[in-house]
Amino acid sequence: MTEIHRRFAHIGAGRVVAAGLVLALVAGACGPSVPSAAPSITASPVPAITASPSAASTPIASPSAASTPIASPSAAGACPVVPQTGGRLPSDRIIDLQVAAGATADTLTFVFGLASLGGQVGAARGSLDAAQPPYTQAGSGAAVEVIGAHVIRVRFDGMSLQNDAGEEIYKGQAEIKPSFPALRDAVVFDSSEGVIAWYIGYDGTGCVTLARSGTRLTVTIAHG
């Protein structure tokens with residue numbers, strides 16, 4: 001083989017390797033996308049918590065077969081026992097908390113904004129479970145008074161709590177004490193190191209459910 005032939009053979013091999021790398025990158029970019037939502041977050045205080053998403057809602061997480069119940073029904077007719085679970089959030093930035101009273105249930109709606117720049121998909125996750133006394137502030141350990149016969153805990157991890165100017169992203173109240181038939185209290189007990197969490201106190205034996213619709217996550221407490 002002449003020197004010219006050897007040079008052309010070397011250049012051809014390099015082109016084959018480069019083409020292979022391009023094809024590999026294209027295949028990776030076209031792989032399955034990360035789902036925007038997982039099934040509903042549910043847990044069970046006393047009375048226990050169940051998930052009952054409506055047809056228009058997208059569940060956030062589903063119970064794992066390996067999970068164990070965290071509470072038992074306190075009376076006949078109470079909600080069935082369900083395991084504690086967690087799931088992905090609409091984004092890593094929560095901007096507001098809204099409460100409302102209805103004819104048969106009270107609601108707390110967590111409103112999420114646009115994700116932070118560079119925020120990883122699926123990094124922000126939430127959980128809902130039964131809270132047990134003593135109720136305390138994270139970090140300081142100071143006592144937190146929560147109004148209501150039952151208390152649940154809603155916790156969001158992997159959150160962006162401040163914007164680029166150092167301003168707090170969450171603009172809602174740190175504590176809400178509505179005089180609703182079921183919902184009695186919602187108080188922030190942690191807002192640090194990527195975590196924001198609430199104690200939620202309520203009365204009655206109504207079931208607690210959670211569902212997602214778009215960028216909103218709603219906890220519903222039935223009157224009981």
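Strands β9 and β10 form a hairpin with two residues between them, and G214 in the turn has a positive phi of about 65°. Strands here are DSSP runs of E of at least two residues, numbered from the N terminus. The model is predicted, so local features need pLDDT of at least 70 and side-chain atom pairs count only at pLDDT 80 or more, whereas totals for chains, interfaces and linings use all residues. Residues are numbered from 1 along each chain as its sequence is written, and side-chain values use heavy atoms, with hydrogens and water left out.

Strand β9 (residues 208–213) runs antiparallel to β10 and is joined to β10 by six bridges; two strands pair if DSSP finds at least two bridges between them. The partner of S213 in β10 is R216. Strand β3 (residues 105–112) is also antiparallel to β10, with seven bridges, and F110 has L217 as its bridge partner in β10. Within β10 (residues 216–222), L217, V219 and I221 make up a covered face, while R216, T218, T220 and A222 make up an uncovered one.

Aromatic pairs were assigned to rings of Phe, Tyr and Trp (its six-membered ring) with centres within 6.5 Å; planes under 30 degrees apart count as stacked, over 60 as edge-to-face and the rest as tilted. F156 and W198 are both buried, where buried means under 20% relative accessible area, exposed over 50% and partly exposed in between (1.4 Å probe, protein chains only). The rings of F189 and Y199 are stacked, because their centres are 4.0 Å apart and their planes lie at 15°. F189 is in strand β7 (residues 183–192) and Y199 in strand β8, so the pair ties together parts that are ten residues apart in sequence. F189 is buried at a relative accessible area of 8%, and Y199 is buried at 7%. Ring pairs also link F110, F112, F156, Y170 and W198 into a cluster.

Q162 is located in the loop between β5 (150–157) and β6 (175–176). This residue, Q162, is partly exposed, with a relative accessible area of 46%. Leaving aside residues up to four places away in sequence, Q162 touches R93, E167, E168 and I169, contact meaning heavy atoms within 4.5 Å. Q162 and R93 are separated by 69 residues in sequence and by 8.7 Å in space, C-alpha to C-alpha.

Notes
Helices (H or I, at least four residues) and strands (E, at least two) are DSSP runs, numbered from the N terminus.
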